[in-house]
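Work through the exercises below with the sequence and the model open. Each task is followed by a stepwise solution.

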Amino acid sequence: MNDILPWLYDSLIALTLLWIAWQTLSTRDLFKAVLLFIVFGLLMALAWVRLQAPDLALAEAAIGAGLTGALLLDAVGHLRVPRRPGPRK
Amino acid sequence: MEKLYLALAVFLMLNVAAGLLRILRGPTAADRMLAAQLFGTTGVAILLLLAEAQAVPALRDVALVFALLAALATVAFVKRVWYRKPEDIP
Amino acid sequence: MNLIDLLGTLLLAAGGFFFLAGTLGLLRFPDVYTRLHALTKVDNLGLGCVVVALMLRADSVAVVFKLGLIWALALLATATAGYLVAHSARQHDIRPWQGPGEDV
């Protein structure tokens, strides 16, 4: 009864991570996939915190969620704007 | 008091899981981005609570990075994905 | 349970309540602007309650200032993001919700 709260927290974060990973892989909308990837990075940082690795959590939040997320958002923006006026869109 | 911190962290994780629904069915792209903003703020709160509950002061630095990067993602979204081309503006 | 603990517990409960209100607003409000209003204001108020509750039990003065600076940075970041998203939504001709009478 004493350690039910950490167990609850860990199982909640693990289930949410698996669900986000599945949604990221199976969605058709690219922007939604990128956004879910950013959220996955944030939650993964919280999981590293629970695994007693704050340095990995810092790296995951800065590189995984922040830097890669911003670069992927930039890439999605470039994909949406057609370079030349053509038949696309 | 540590138990109360952990209980509030569990509650905030439930909030995050509920906010995921808005990402999955937001009508516009801005709604989805707003849910990511919610995760930034809630993540800061969870990290501060865990820093006190687990007695790891380094987690406050992670919370600082969280607060900074949620805004960075939103700025990248507004400037690069959702902007309007100048010739479209009447 | 002394006075500091009682005050901290009350502030933590208030913070949890405000976070719940922010999530409900995100899920239930009708358009972008109202959701923005719920997220940028209510969630930061909840974060402020949690920060003050943690400040009451902090070990040193440096920790108190660090917690305050984290909250200030979160406020600044959320205000900037809220302005940018609202401005961009207006540029995209998204109409504000006019009330329950008319459908948007």
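**Exercise 1.** How many salt bridges does the rule find across the interface of chain B and chain C?

*Solution.* The model is predicted, with local features needing pLDDT of at least 70, side-chain atom pairs counted only at pLDDT 80 or more, and totals for chains, interfaces and linings using all residues. Residues are numbered from 1 along each chain as its sequence is written, chains are lettered from A in the order in which they are written, and side-chain values use heavy atoms, without hydrogens and water.

Step 1. Apply the criterion: a side-chain nitrogen of Lys or Arg within 4 Å of a carboxyl oxygen of Asp or Glu.
Step 2. The rule finds two salt bridges between chain B and chain C.
Step 3. One salt bridge joins the side chains of Asp31(B) and Arg35(C), at 2.5 Å from N to O.

**Exercise 2.** State the area that chain B and chain C bury between them.

*Solution.* Step 1. Buried area is the accessible area (1.4 Å probe) that two parts lose on being put together, summed over both.
Step 2. For chain B and chain C the value is about 3,700 Å², with 75% of it on carbon and sulfur atoms.
Step 3. Arg22(B), Leu34(B) and Trp82(B) supply 17% of the area that chain B buries against chain C, more than any other three residues.

**Exercise 3.** Count the residues in contact between chain B and chain C.

*Solution.* Step 1. Contact means heavy atoms within 4.5 Å.
Step 2. On this basis, 40 residues of chain B touch 40 residues of chain C.
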